[in-house]
Amino acid sequence: MSEAMTPHVCKDPVMVPVAREPGTERHRVVIIGGGTAGISVAARLAHAGQKDVAVLEPSTHHYYQPLWTLVGAGEARVEDTIRDEAHYIPKGVTWIRDWAEEVDPIARVVSTRGGKRISYDFLVVAPGIQLDWGKVKGLREALEERPNVSSNYDVRYAPKTWEMIRGFQGGTALFTHPATPVKCAGAPQKIMYLAADHFRKRGILEASKVIFASAGKVIFGVKEFAAVLEQVVKRYGIDTSFQHDLVEVRGDRNEAVFKRALADGGTEEVVIPYGILHVCPPQSAPDFIKRSPLAWQDGGTKGWVKANKYTLQHPDYPEVFALGDASDLPTSRTGAAIRKQAPVLVENLLAVMAGRAPTAKYDGYASCPLTTGYGRLLLAEFDYDGKPTPSIPLIDTLKERHDMWLLKKYGLPKLYWQLMLRGRA
């Protein structure tokens, strides 16, 4: 991940114009991505009085994805997670409905799939993360053709997850987590705990084998919260199989194939039969980001957008900032992280636009509300150092709580739609 670097200052962005080709659309600030990060930044820039901001986003729908866990558990409706994108484009901000295809940071131009060339003075990179379903052999086919294979990582399949769970009569319930970084890394566990609790309530948990097959080495990266989750795993009798990376789904045979890491550095193939299968797909930065000069081209952060971990400014191109899931920031890819990143980015972007050094700092805050059963939730909040950073005074967040369940189900969606996307949270 990128380390702290000396802040860049664009000495006089107004006095150093960039050459524009005839027919090129031009904006003072271009934001790639109209998801959580892009809209939050656009709203804050609009509040700050910026008059020439454009958001490049192809989708006409905006999704509140954290609620898909509860959709998959029968506790929320999928239609309540969807809004019209147009409703959240801030007043005065230009919406370019197209896909980014290429970024040329030297010419300061973004090319789109529809053939547009959009030039910018300043660029905010927030395209989100790419779901690589095709990297698991047979997964697409199983999702489309088999009623016992699903994933809450797609709005089309979250309702299917609930049908799969409530129709389960016992046997093996398999839940996976890939080797790649993913958005909301706790999500593969959340639905597993809810499924196990549902099986318990129906009296079939003892006739079931719940398996968590994860490419990771531990249940959670912050030891204080891992200790709580280990007790949750024990309570449900879940079999944890770490360093198991899903590589194939044989839907016609109800088999999942894993590559298991061995102590000597080698690997072996492990086949696990299942009754139902919930998959978290491999994920990566969007392809146009991977081949962009904005991204790392080697090392452990290959493909992710470079960003100073504190200021969110690009180390090579001072007029570029990045946040959210496609960035190389060494923290969890969650909406809560973006909620803290957005105000820092905007403050620093405005400073650089005015010819000043960026001084605001993001401390790596992220939050993962882990549903551990119906009516129970562990609110894991932490920073770059992996230190718990509770944000609610006088509340012990190192234990499962019913009030935190209510916060996730009712409070956080309102915070998201009414405040965060409006640049007020």
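Is Arg-108 buried or exposed? At 13% relative accessibility, Arg-108 counts as buried (under 20% relative accessible area, with exposed meaning over 50% and partly exposed in between, for a 1.4 Å probe and protein chains only). Arg-108 lies in the loop between β6 (100-104) and β7 (109-112), where helices (H or I, at least four residues) and strands (E, at least two) are DSSP runs numbered from the N terminus. The model is predicted, so local features need pLDDT of at least 70 and side-chain atom pairs count only at pLDDT 80 or more, while totals for chains, interfaces and linings use all residues. Residues are numbered from 1 along each chain as its sequence is written, and side-chain values use heavy atoms, with hydrogens and water left out.

The backbone of Arg-108 also deserves a look. Most residues other than glycine have a negative phi. Arg-108, although not a glycine, has a positive phi of about 60°. Gln-243 is another non-glycine residue with a positive phi, near 60°. Gln-243 sits in the loop between β13 (239-242) and β14, and at 31% relative accessibility it counts as partly exposed.

Three strands form an open sheet in the order β14-β15-β16, with antiparallel pairing; two strands pair if DSSP finds at least two bridges between them. β14 (244-250) and β16 stand at the edges with a single partner strand each, so one side of each has no neighbour in the sheet. Neighbouring strands of this sheet are turned by 25° against each other on average, direction ignored. Here and below, axes are lines fitted to C-alpha atoms, for helices over the stretch in contact, and angles run from 0 to 180 degrees between N-to-C directions.

Within the sheet, β14 is joined to β15 by 6 bridges, and Leu-246 has Phe-258 in β15 as its bridge partner. Strand β15 (residues 255-261) pairs in turn with strand β16 (residues 267-273) over 7 bridges in the antiparallel sense. Ile-272 in β16 is the bridge partner of Ala-256. β15 and β16 form a hairpin with 5 residues between them, and Gly-265 in the turn has a positive phi of about 95°.

The helices come next. Two packed helices are described by the angle between their axes and the distance between the axes. Helix α4 (residues 158-166) packs against helix α5 (residues 187-202) at an angle of about 35°, with the axes 10 Å apart. The crossing of α4 and α5 is right-handed, the term for a near helix turned clockwise from the far one by less than a right angle, with anticlockwise giving left-handed. Thr-161, Trp-162, Ile-165 and Arg-166 of α4 meet Ile-191, Ala-195, His-198, Phe-199 and Arg-202 of α5, contact meaning heavy atoms within 4.5 Å. These residues divide into 5 nonpolar, 2 polar and 2 charged; Ala, Val, Leu, Ile, Met, Phe, Trp, Tyr, Cys and Pro count as nonpolar, Asp, Glu, Lys and Arg as charged, and the others, Gly among them, as polar. Buried residues of α4 include Ala-158, Lys-160 and Met-164. The buried residues of α4 pack against α2 (68-72), α3 (139-145), β10 (149-150), α5 and β17 (276-278).

α5 also packs against helix α6 (residues 223-236), at an angle of about 35° and with the axes 10 Å apart. This crossing is left-handed. Gln-189, Tyr-193, Ala-196 and Asp-197 of α5 make the contact with Leu-229, Val-232, Val-233 and Tyr-236 of α6. The residues of this contact divide into 6 nonpolar, 1 polar and 1 charged.

The nonpolar cores complete the picture. A nonpolar core is a set of buried Ala, Val, Leu, Ile, Met, Phe, Trp, Tyr and Cys residues joined through side-chain atoms within 4.5 Å. The largest has 107 residues, of which Leu-123, Phe-199, Phe-220 and Leu-323 touch the most other members. Helix α8 (residues 335-353) gives this core its largest share, 10 residues. A second, separate core of 24 residues includes Leu-143, Tyr-153, Ile-211 and Phe-258. Not counting residues up to four places away in sequence, Phe-199 touches Ile-165, Phe-168, Ala-173, Ile-204, Leu-205, Ser-208, Val-210 and Ile-276.
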